[in-house]
Amino acid sequence: MNENINTNSYIDKFTLNPVSSLFFAIGFLAIGYGMILTYVGVYLKDLGLNDAVIGLINASFFLGAIGSSIFSQKIISSVGHIRSFATFASLMVISFLLQALFFNEYLWAFLRFVSGFAFYALLIIIESWLNEKSSQTHRGKILAIYTIIFYLATALGQVFLNIKGDTTYIIFILGSVLILFSVLFISMTKIKEPILKPFEKYSFPKLYSVVPLALTGSFIGGFFVGGFFTMVPIYLMQKYSSIETVSVFMACSIIGGLISQWPIGLLSDKYGRRKIIAYSGFYIFFISLLFLFSSLLDNYIYFLGIFLGFSIFSIYPLSLARANDVIDENKDIVEISRTLLFAYGLGSFIAPIILGIGLFYYLEFIFLIFAILGLFLGFYSLSKKRVADDDMSIFVNIPVASGSVVVELDPRQDLENEKEKNEK
């Protein structure tokens with residue numbers, strides 16, 4: 001009897017050893033992701049391309065991400081996780097190196113599409129492994145650590161933009177090296193390969209009728225984040241002509257996003273998702289207005305970056321929490337969450353296209369649109385019904401970029417399943 005107790009307590013003990021290789025891999029991937037995603041727009045601007053073309057090229061990355069969420073799981077299931085990881089990592093390295101060697105607008109758009117498809121496929125592989133090794137007791141801890149590592153690594157990637165010399169070659173080569181480091185950790189892992197379920201999209205009109213605020217918030221949250229990573233660096237370069245300003249501003253914003261996750265989560269658990277989404281929307285409106293007059297606040301630009309990060313990175317996690325609050329046990333929570341993530345990706349794809357066209361005509365266009373969307377989201381959120389305290393789920397932090405499997409890591413799925421068992 002004592003032996004059983006000891007065995008159970010050992011199994012339930014939380015340890016990072018089985019998944020440490022996955023965390024190292026995601027760390028290297030996120031550094032490369034953050035660095036390249038920011039740098040591409042800056043580099044294209046230096047080449048003299050207009051903002052609309054830059055927006056289209058950057059949008060290709062998120063178009064690849066959308067395609068990956070639908071098609072990559074079938075590829076991964078066919079050849080296995082390790083082989084798939086090596087394949088998609090190779091595609092990323094090839095796309096980075098070709099971008100360093102050649103420039104052509106159409107070629108770069110295609111290469112950005114390939115790297116977006118490959119990167120999000122790599123996230124799916126890592127997340128499904130994390131899900132495989134996460135017990136119901138520790139799933140929330142694993143997801144929290146994953147979120148922290150992703151935010152910190154993405155912020156660290158911004159620092160590398162300050163490298164001196166021929167930055168075009170250095171940045172893309174360094175990005176390739178970082179991807180290859182992640183392959184080293186995955187190739188040596190002994191973690192069992194999980195079985196991936198096929199991606200099934202939920203009908204958008206049907207989903208809107210069930211969780212309108214969650215779907216709208218996910219799309220707008222994706223728009224904010226996609227616009228932030230792809231077009232805000234261009235805005236900063238045009239305004240300040242300094243890669244150091246871009247680097248520090250982006251890092252400050254990302255760190256602000258990480259810091260905000262926990263207090264916003266606690267506030268939303270206490271006061272409800274509807275109110276916090278509304279207040280976040282109004283807050284984005286206010287911060288965006290400050291950016292419209294940022295010429296008077298040049299000495300505080302990094303503080304504005306932190307304040308911007310406080311809000312835009314929380315909209316999607318809040319929207320996902322709202323969906324978990326309002327859907328009943330008869331709905332497929334995982335598929336609804338995946339479709340919300342799909343809407344988030346769609347917003348990220350559309351953002352650089354719209355902002356690129358607008359930025360071509362008006363330098364402050366980005367924050368004008370951010371202000372309008374923030375104001376709309378605030379009033380739209382307040383127009384929806386309040387959820388009773390007893391029906392609210394817990395807030396869960398989600399990485400700033402994630403694959404379609406991250407919803408299975410969400411501990412709220414386990415709580416819903418446990419609730420259904422108890423009711424039966």
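Modeller: Helices here are DSSP runs of H or I with at least four residues, strands are runs of E with at least two, and both are numbered from the N terminus. This is a predicted model, where local features need pLDDT of at least 70, side-chain atom pairs count only at pLDDT 80 or more, and totals for chains, interfaces and linings use all residues. Residues are numbered from 1 along each chain as its sequence is written, and side-chain values use heavy atoms, with hydrogens and water left out.

Biologist: Is Ser402 buried or exposed?

Modeller: Ser402 counts as buried because its relative accessibility is 5%. Buried means under 20% relative accessible area, exposed over 50%, and partly exposed in between, with a 1.4 Å probe and protein chains only.

Biologist: And which residues does Ser402 touch?

Modeller: Leaving out residues up to four places away in sequence, Ser402 touches Tyr120, Leu123, Glu127 and Leu341. A contact means heavy atoms within 4.5 Å.

Biologist: What lies nearest the centre of the largest cavity?

Modeller: Ser402 again, together with Ala65, Tyr120, Leu341 and Gly345; the lining has 20 residues. The volume of that cavity is about 190 Å³. A cavity is a set of points on a 1 Å grid over the protein atoms alone where a 1.4 Å probe fits but cannot get out, and lining residues have an atom within 4 Å of a point.

Biologist: Which helix gives the most to that lining?

Modeller: Helix 15, with six residues. Helix 3 (51-79), helix 5 (105-132) and helix 15 (333-361) each supply at least two.

Biologist: Switching to the outside, which residues form the nonpolar patch?

Modeller: Leu97, Leu101, Phe102, Tyr169, Ile173, Val177, Phe181 and Leu184, with about 740 Å² of accessible area together. Patch residues have over 30% relative accessible area and no salt bridge, and nonpolar side chains (Val, Leu, Ile, Met, Phe, Trp, Tyr) are joined within 5 Å. Helix 7 gives the most to this patch, with five residues.

Biologist: Where is Leu101, and is it buried or exposed?

Modeller: Leu101 is in helix 4, and it counts as exposed because its relative accessibility is 55%.

Biologist: Last one: how many helices and strands are in the protein?

Modeller: There are 18 helices and zero strands. Of the 424 residues, 58% count as buried.

Methods: Patches are made of residues with over 30% relative accessible area and no salt bridge: like charges are joined within 9 Å, nonpolar side chains (Val, Leu, Ile, Met, Phe, Trp, Tyr) within 5 Å. Accessible areas come from the Shrake-Rupley method with a 1.4 Å probe; for residues, only the protein chains shown count as cover. A salt bridge is a side-chain nitrogen of Lys or Arg within 4 Å of a carboxyl oxygen of Asp or Glu. On a 1 Å grid over the protein atoms alone, a cavity is a set of points where a 1.4 Å probe fits but cannot get out, and a pocket is an open set with protein on both sides within 12 Å along at least five of seven lines; lining residues have an atom within 4 Å of a point. Grid points are joined across faces, edges and corners, and a volume is the space filled by probe spheres set on the points.
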